[in-house]
Amino acid sequence: MNANSGGPSSKSKAGSLQPSETSFKRKRGVFQKELQHMMYGFGDDPNPLPESVALVEDIIVEYVTDLVHKAQDTGSKRGKLSVEDFLYLIRKDTPKLNRCTELLSMNEELKQARKVFESDEEKLRKVFEADEES
Amino acid sequence: MRGSLQYLPNSQLHLFCQTSCDSVAREPVGAEAERGLKKSMDPFEVAFEDVEDFLPDSPTTGPGHIDNENQFLTPSNLLTSPAPTISIGTNASIGYNEDEDEEEEEDNVDLNIRNIALRDDPDKTAKTRAILSQFTGEQMERFEFFRRSRFKKSEMRKMLLTITGMRTVSEPMVVVVSATAKMFVGDIVETARTVMTERKESGPIRPCHIREAYRRLKLEGKVPRRSVRKLF
């Protein structure tokens, strides 16, 4: 085998996606079950083909990887990686942007609600304990 | 117009998943979706009680003309026999309950909040319920899977930690990345279905369709590309 021609091809698998700069071993089928449900929900067969699911998983992993690296490029100018960098990246894609802002605001609301709930629970417990003692 | 498609026409999906520029998607309620699944923890069940006050008909007895418009071609109907779909359903709910108890709880509270938000927009609510009431059983099921499927938070967080090399990843980041990835899957699957109708093929989506869909999305600029790769 020629050592010269090995250069770029040693990094990429034939026809599919490169593992990118991180050299972690990616297990196959990490998102398989969820992806099957998701693909059905979006319009595929109730039982999608396994090779289709595997391909979509590869695509998604590469998508997230590239997304994160691009976000880090913009984030590095600010010092830290933050959610803002991701929102900036998807700004062109209006449905995604709206969905993400909606989810983030609901996340905030949930956090607030939980805080109130926990403080209420704390008060109740104190009252209960006070009753017990008396 | 697109009545020959085997799945929900894009116009309907857009109403629910891809938010329009001027409004935010509200959580619609999947009443009939309860059939095969555990009722106790289901967020839809919580919402169902509200909907029942307003829905005039039950979802399955929609008027005939709507059925024609959204008619599924029979092969997929035959394939969805009760047994396998219920197992998918229970697996989904069991899987979610075991691994993501937290998220189920969140979903319950989640939907209550969304219901409140829904009430502020009567126009959207009415439109949503009108469409939902006319879903066939299979459409409702597919819609339910669309609503409930998500990437596992833990897996996504693990992957993000590996990619970023950071020690911790904030929760909003995981939320945003998961949502973006899920919508990207939607982009792929819908584009792949478009490709299939152009080629006049039917059945499950095959990798060749997915690759063509991915190529088209790249041309549209929806796939983030790092320019460094273009070198050699």
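How many disulfides are there over all chains? The count comes to zero. Keep in mind as you read on that this is a predicted model.

## Cysteines

A:Cys100 counts as buried, because its relative accessibility is 1% and the cut-off for buried is under 20%. B:Cys208, at 30% relative accessibility, counts as partly exposed.

## Where chains A and B meet

Let's turn to the interface. Chain A contributes 59 residues to the contact and chain B contributes 71 residues. Between them the two chains bury about 6400 Å², and 71% of that lies on carbon and sulfur atoms. On the chain A side, the residues that lose the most area to chain B are A:His37, A:Tyr40 and A:Phe42, which together make up 12% of what that side buries.

Polar features join in as well. Five salt bridges are counted between chain A and chain B, and nine residue pairs are in polar contact, with both residues at pLDDT 80 or more. The elements of chain A that give two or more residues to the side touching chain B are α2 (32-42), α3 (50-78), α4 (83-89) and α5 (94-133). Of these, α3(A) provides the largest share, 18 residues. By type, the residues on this side of chain A divide into 29 nonpolar, 15 polar and 15 charged.

## Salt bridges within the chains

Over all chains, the whole structure holds 18 salt bridges. One within chain A pairs A:Arg125 with A:Glu122 at 3.0 Å, N to O. Both residues sit in helix α5 of chain A, three residues apart, about one turn of the helix. A:Arg125 is partly exposed, with a relative accessible area of 42%, and A:Glu122 is also partly exposed, at 33%.

Chain B has its own examples. The side chains of B:Arg206 and B:Glu201 meet at 3.4 Å, N to O; B:Arg206 is partly exposed at 32% relative accessible area, and B:Glu201 is partly exposed at 26%. Another salt bridge links B:Glu212 and B:Arg215 at 2.9 Å, N to O. These two lie three residues apart in helix α11 (residues 207-220) of chain B, about one turn of the helix. B:Glu212 counts as buried at 15% relative accessibility, whereas B:Arg215, at 43%, counts as partly exposed. Salt bridges with shared partners join B:Glu198, B:Glu212, B:Arg215 and B:Arg216 into one network.

Methods
Residues are numbered from 1 along each chain as its sequence is written. Chains are lettered from A and ligands numbered from 1 in the order in which they are written. This is a predicted model: local features need pLDDT of at least 70, side-chain atom pairs count only at pLDDT 80 or more; totals for chains, interfaces and linings use all residues. Side-chain values use heavy atoms; hydrogens and water are left out. Contact means heavy atoms within 4.5 Å. Buried area is the accessible area (1.4 Å probe) that two parts lose on being put together, summed over both. A salt bridge is a side-chain nitrogen of Lys or Arg within 4 Å of a carboxyl oxygen of Asp or Glu. A polar contact is a pair of N or O atoms within 3.5 Å; within protein, one must be able to donate a hydrogen and the other to accept it, and residues adjacent in sequence count only if both atoms are side-chain atoms. Helices (H or I, at least four residues) and strands (E, at least two) are DSSP runs, numbered from the N terminus. Ala, Val, Leu, Ile, Met, Phe, Trp, Tyr, Cys and Pro count as nonpolar, Asp, Glu, Lys and Arg as charged, and the others, Gly among them, as polar. A disulfide is a pair of cysteine sulfur atoms within 2.5 Å. Buried means under 20% relative accessible area, exposed over 50%, partly exposed in between (1.4 Å probe, protein chains only).
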